[in-house]
Amino acid sequence: MTATRDALPGGTPSTTGWTTIPRWTTASVPGVDDRVSALPDGMTPMLGERARELGVPVSALHLAAHAKVLAALSGDRVVTTARLTAPGRYPPCRVTAAPGTWRDLVHAAAHEEELLGGREDPRADDPPGTSPRSHPYVLLDPDGYGPVLPSGAILCVTVTEDAGRPVLRSRFRTDAFDGDAVARIAGYHVTALRGLLDDPDAPHDTQRLLSDAEIRFQVDGLAGPPAPLPDLRFHELFEERVRRHPDRVAAVHRGRRWTYRDLNQRANRLARALLARGLRREETVAAVLPRDLYWMAGVLAVLKAGGSYLPVDPDYPPDRIAAILNRAECRLVLSEPGSTGNLDRAFPSEPGSTGDVDRAAPPPRSPLVVLDAPSAAEGGGDGSDLGIPVPADALAYIFFTSGSTGEPKGAMVEHAGMLNHLLAKTEDLRIGAGSVVAQTASQCFDISVWQLLASTLVGGRTLLVEQETVLDVHRLLELVAQEQVTVLQVVPSYLDVLVSALERAPRPLPALRYLSVTGEALRPELVRRWFRVQPGSRLVNAYGLTETSDDTNHDVMHRAPEDGRVTLGRPVRNVRVYVVDDGLIPVPLGATGTVAFSGICVGRGYVNDPERTAECYRPDPHRPGERLYLGGDLGRWLPDGRLEFLGRRDAQVKIRGFRVEIGDVEAALLRVPGVRDAAVVVTGRTGHGRNLVAFHSGDPELGSDRLRHLLGDLLPAYLVPARCHRQDPLPLTPNGKVDRKALGALAEAWAQGDTRGDTRDDAGGDAPRPGTEERLARAWAAVLGTDPATIRRGDRFFDLGGTSLTAVQLAVALDRVVSLRDLTASPTLADLAALIDARTGDDRPAGHHPIDARTSDDRPAGHRIDAETT
């Protein structure tokens, strides 16, 4: 495809949509400054010769270079800038920098210059409700009329002379850029000019604009701090701890306490039992176990024996268990009698098996050997350390995640990556000998590894929290206080529940030093609420992928960020994070790109899946001999060295010719005070007037017009949603993600004038009766994100989309008048209302019933999330 000119009518910034470039300054001080960058000796006459050869004015070469730079900084292929054509006159100028040659781009720029005469200049007053910051633009002055910096412009690049030498003089607003950033942009312009001089028929889209120094800074200067890695594996460091303090408590579960000696001896017995059944080096061992002390011993046993650990939830459907074990070619399983039901159905038992059970899967699979972990651990055999050599690049574990094709994929992580991550946790969360780390995550969630093992590296204690306690937030808080938990980790959806509970019933948690949050985007409003209820605890926003040994970035917050921006923080020890283009070349600092990971964190690949491995695990072009992992997340670097998350690559849309990152708009929405959660969808069809529609929860007084006005101070005009709707809470899918499809359908219906909110039939029977039933229906609707009028007496909470954690949110909203067990025992609305009446009586006037007022709080009760993501 060649570069083409996109016809542009005359207009002001508010109608043309200026290309904006990322701001880059650590000190946002209003003002104007200048920077001068010399053009290389001999470049000016060479530009004249090239212009004559191409039959264009020299200014077209500068416009082509300018368009290339703006495209690289903004990520847009269609760029709109202002072009100074005479003193005080600067009409808009649009060039499409699609893939093609420099010659194509230069001719597109020249054609655009020919049309400038009929254009209006962007000096009109800003329309009502906007500000210059809502559409900041960049100005090119190739003819030396400047320097100027009109209202609304943030940068003007002038081609002129200084002391007889050709230079680029850049005038800029100091609240948008610092001098170094402007110097880099001028350098990009010079590099682009060199490219079109070197070979006008070379593809401009593969031209690297960044200097070697900037590439090196991004590769090395933004990397996590280098730190030595012990020439020992995790289990060997654990064994050192056992020798130093064998009688110190290492793990606690349901009041049962194992010392370091207890845990080590049981793990050693289990390891020997696995070896006796033929475990080979790096062979996969599935742990189909509940989250208890024997699970912890089993994980250690697999590592000590030189195998690789594969967690499998006993409650997984049989087909899922079979798919995972078959993909991993797993024949050894650690389990216990109460956890083999679905495993039995996945691999039917052979007749006559006793003790260790051999199950024959469909041929040509080897028989499955299932070892009873508690019996082997307590069997009284040799409990001494095995001393089996395990290299640093040996496989440590495999975690399966859902795949885009519907088949789970198993990410393989090596010992070095696992150990580095564990050490990063102990360092950044200050885990030490007196620390107590709560293990709350599902064994099939990769964060379970560090929750389980990190404290034992440093002589601390692991508290295994059973799921029943996790699903009762008040019991969890009691346990955290009782066991003096110092480190706790949850997903943001559960943090919402936790904060709501503390807001309703404040209680001190003096031992809790760090609360880590991961798995979902963390909303600024939730951060502010956390520090209001727990100002003495630090909040850690952790980010990483299963394929990168779990977390690669930590943002440790002592207080709510003043600018309302919650970031992913900086890379952890020995980890490199890049923000790259499609060619794996770092994008300019501050520009949006794909987040890639390099260094010790990168795993081995997907087990027995070379095709998907080759797609995502690539050679690192910046560090020969190393590999990088290319995920689908988008991000950008901030001037203080932190990484900002901007959504997924597949969340890109086009609005009026401009590429819009949905994450960009949502991030701005979340910075508005009073917005608790937000999602943006697109209505209309391409070419038929597409619009952004925002849905948000939070302050009911925040009207659409006011919200759009506030967004106008944060975003270019074309990024401000056409409509904003309060939807409290936002609907979620069964796995706890925002249901964008449902929001899209709702937006489309509203766009067609259909305001009906209830299309379901009366399958649940009669409407709720006045009194407790009506009040309870409102409470259900608040946590389920539905209209109370759609709920019937015979409806069941879980049939309406409720989950175990939605039930927790309901219990919190009702101050524990009902529990998760009550919702199971009395599943219909009528049954549950009758239970509440029996407990509390229903003779109190409206407004004084136990469930009155608690559901009328402007703050939503929370979000529906899977128990597995806790």
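**Close-up 1. S549 sits in the loop between β20 (538-545) and β21 (550-557).** Strands such as these are DSSP runs of E with at least two residues, helices are DSSP runs of H or I with at least four, and both are numbered from the N terminus. S549 is not a glycine, yet its phi is positive, at about 60 degrees. With 2% relative accessibility, S549 counts as buried (buried means under 20% relative accessible area, exposed means over 50%, and partly exposed is in between, using a 1.4 Å probe and protein chains only). A quick word on what you're looking at: this is a predicted model, where local features need pLDDT of at least 70 and side-chain atom pairs count only at pLDDT 80 or more, while totals for chains, interfaces and linings use all residues. Residues are numbered from 1 along each chain as its sequence is written, and side-chain values use heavy atoms, leaving out hydrogens and water.

**Close-up 2. N574 has a positive phi without being a glycine.** Its phi is near 60 degrees. Look for N574 in the loop between β22 (570-571) and β23 (575-580). Is N574 buried or exposed? N574 is buried, with a relative accessible area of 17%.

**Close-up 3. A cis peptide bond joins D728 and P729.** Omega for this bond is about 0 degrees. P729 belongs to the loop between β33 (723-726) and α22.

Close-up 4. Now find P136: it is 16 residues away from G152 along the chain, and the two C-alpha atoms are separated by 5.1 Å.

**Close-up 5. Six strands make an open sheet with mixed pairing.** Strands of a sheet pair through backbone hydrogen bonds, either parallel or antiparallel. Here the order is β1-β6-β5-β4-β2-β3, where two strands pair if DSSP finds at least two bridges between them. At the edges are β1 and β3 (92-96), each pairing on one side only. From one strand to the next, the twist averages 30 degrees (axes are lines fitted to C-alpha atoms, for helices over the stretch in contact, and angles run from 0 to 180 degrees between N-to-C directions). β1 and β6 are an antiparallel pair with seven bridges. Pick out R35 and you'll find its bridge partner in β6, S170.

**Close-up 6. Helices α3 and α5 against the sheet strands.** Helix α3 (residues 58-74) packs on the sheet and touches β2 (78-83), β3, β4 and β5; contact means heavy atoms within 4.5 Å. The direction of α3 makes about 130 degrees with that of β2. Helix α5 (residues 179-198) lies across β1, β4, β5 and β6, and runs at about 135 degrees to β6.

**Close-up 7. β27 and β28 form a hairpin.** β27 (residues 627-637) and β28 (residues 643-648) pair in the antiparallel sense over four bridges. Five residues lie between the two strands, and G641 in the turn has a positive phi of about 90 degrees.

**Close-up 8. R165 and D41 join in a salt bridge.** A salt bridge is a side-chain nitrogen of Lys or Arg within 4 Å of a carboxyl oxygen of Asp or Glu, and the structure holds 48 of them. In this one, the N to O distance is 3.4 Å. Why does the pair tie together parts that are 124 residues apart in sequence? Because R165 lies in strand β6 (residues 165-173) and D41 in the loop between β1 (32-38) and α2 (43-54). R165 is partly exposed at 41% relative accessibility, whereas D41 is exposed at 70%.

**Close-up 9. R266 forms a salt bridge with E378.** Their closest N and O atoms are 2.7 Å apart. R266 is in helix α8 (residues 260-276) and E378 in the loop between α12 (373-377) and β14 (395-401), so the bridge ties together parts that are 112 residues apart in sequence. R266 counts as buried at 13% relative accessibility, while E378 is partly exposed at 36%.
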